[in-house]
Amino acid sequence: MSFIDPMHLGTTSSYPPAWDEETDERLQAFLAGDLSDGVAAFDFDNTLVMGDAGEAVMLEVMARRGNHAEQMMRWYRELLTSAHTGSAYGYISRVFSGHQVAEFTELSQTAFARRGIVFHPAVVGLMATLQQRGVRCMIVSATNVWVVRTLVQVGLDPLLKAMGGRPLDLLDVHGMRLMMRDRGEWVRDEDLRNDDAYLRGDPIRTRSLIVTEVMEEPACTYEGKAAVVRRYVGEHERFLLAAGDSANDEAMLALAEFPLWVTHRFTQPRPDTDRG
């Protein structure tokens, strides 16, 4: 029997849960092996999520800036598909600057409800199976970290529990980070890793945190993803598996014992990122 049981997928059961035959065989052999002291890292958009949840939330953020959300998104996509990918992330930081961190929790919840953000059951099933085998699972995403933490709590965690896994430790959720000002004082996401209310996106705690344009290193993209893995995988842990879908993930995949390149056959709409 495959490690994914479609009867446990709830409202996502309309998605085909199967990997291609060769990948499934390799995964089954991998899962039957020694996974002790293991860590696995998953990209978020287009890997765990069917499409780009980050863009869906970004549209909600842009809409608050006025009536030019579609134009702003078009400029962003032009930068992202050009040779100037770094400029795209700089552009996002300027768009996000000035917002309260609390707004990202609210807008992520709104995007989850409005724009059809759906998790892929095959990849979620793999994560749940790894958790059952005692593997610590991480997310390493180029999407804004406050967005990812929120969508993990409202979308991914319930699916993991339904499939025999457990909610992710929010300390294991990594994304692009911008430095903040808290009542005039500079503060980093790294400084708040022991602040449970902050990690959960509690609106009372995060209302005083104002986002700046300053990127916090390591930037969670390309080689920065590998740097995140090196920083947060312990000396006595094994980096067993990495899953990703693009060149953005290659440096991270290269570190894993089992690199998993994920492609999706979209059988239902991706997150709606074309509607302002």
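A residue counts as buried when its relative accessible area is under 20%. By this criterion, strand β4 (residues 178–182) of the predicted model is mostly covered, with four of its five residues buried.

Strand β4 has two antiparallel partners. Four bridges link β4 to β6 (residues 209–215) in antiparallel fashion. Within this pairing, D182 has L209 of β6 as its bridge partner. Three bridges link β4 to β5 (residues 185–187), again antiparallel. Here M180 stands opposite V187 of β5. The hairpin of β4 and β5 has two residues between the strands, and R183 adopts a positive phi near 55° in this hairpin.

Parallel pairing is found elsewhere. Five strands form an open sheet in the order β3-β2-β1-β7-β8, with parallel pairing. Its edges are β3 (173–176) and β8 (258–261), each of which pairs on one side only. From one strand to the next, the twist averages 15°. Strand β7 (residues 238–244) runs parallel to β8, and four bridges join the two. One of the partner pairs places A243 against L260 in β8. Helix α10 (residues 223–232) lies across β2 (136–144), β3 and β7. The helix runs at about 145° to β2.

A further local feature occurs in helix α6 (residues 121–132), which contains T129. The relative accessible area of T129 is 10%. Since the cut-off for burial is under 20%, T129 is therefore buried. A polar atom of the T129 side chain lies 2.9 Å from the backbone oxygen of G125.

How values were computed:
Residues are numbered from 1 along each chain as its sequence is written. This is a predicted model: local features need pLDDT of at least 70, side-chain atom pairs count only at pLDDT 80 or more; totals for chains, interfaces and linings use all residues. Side-chain values use heavy atoms; hydrogens and water are left out. Two strands pair if DSSP finds at least two bridges between them. Axes are lines fitted to C-alpha atoms, for helices over the stretch in contact, and angles run from 0 to 180 degrees between N-to-C directions. Contact means heavy atoms within 4.5 Å. Buried means under 20% relative accessible area, exposed over 50%, partly exposed in between (1.4 Å probe, protein chains only). A polar contact is a pair of N or O atoms within 3.5 Å; within protein, one must be able to donate a hydrogen and the other to accept it, and residues adjacent in sequence count only if both atoms are side-chain atoms.
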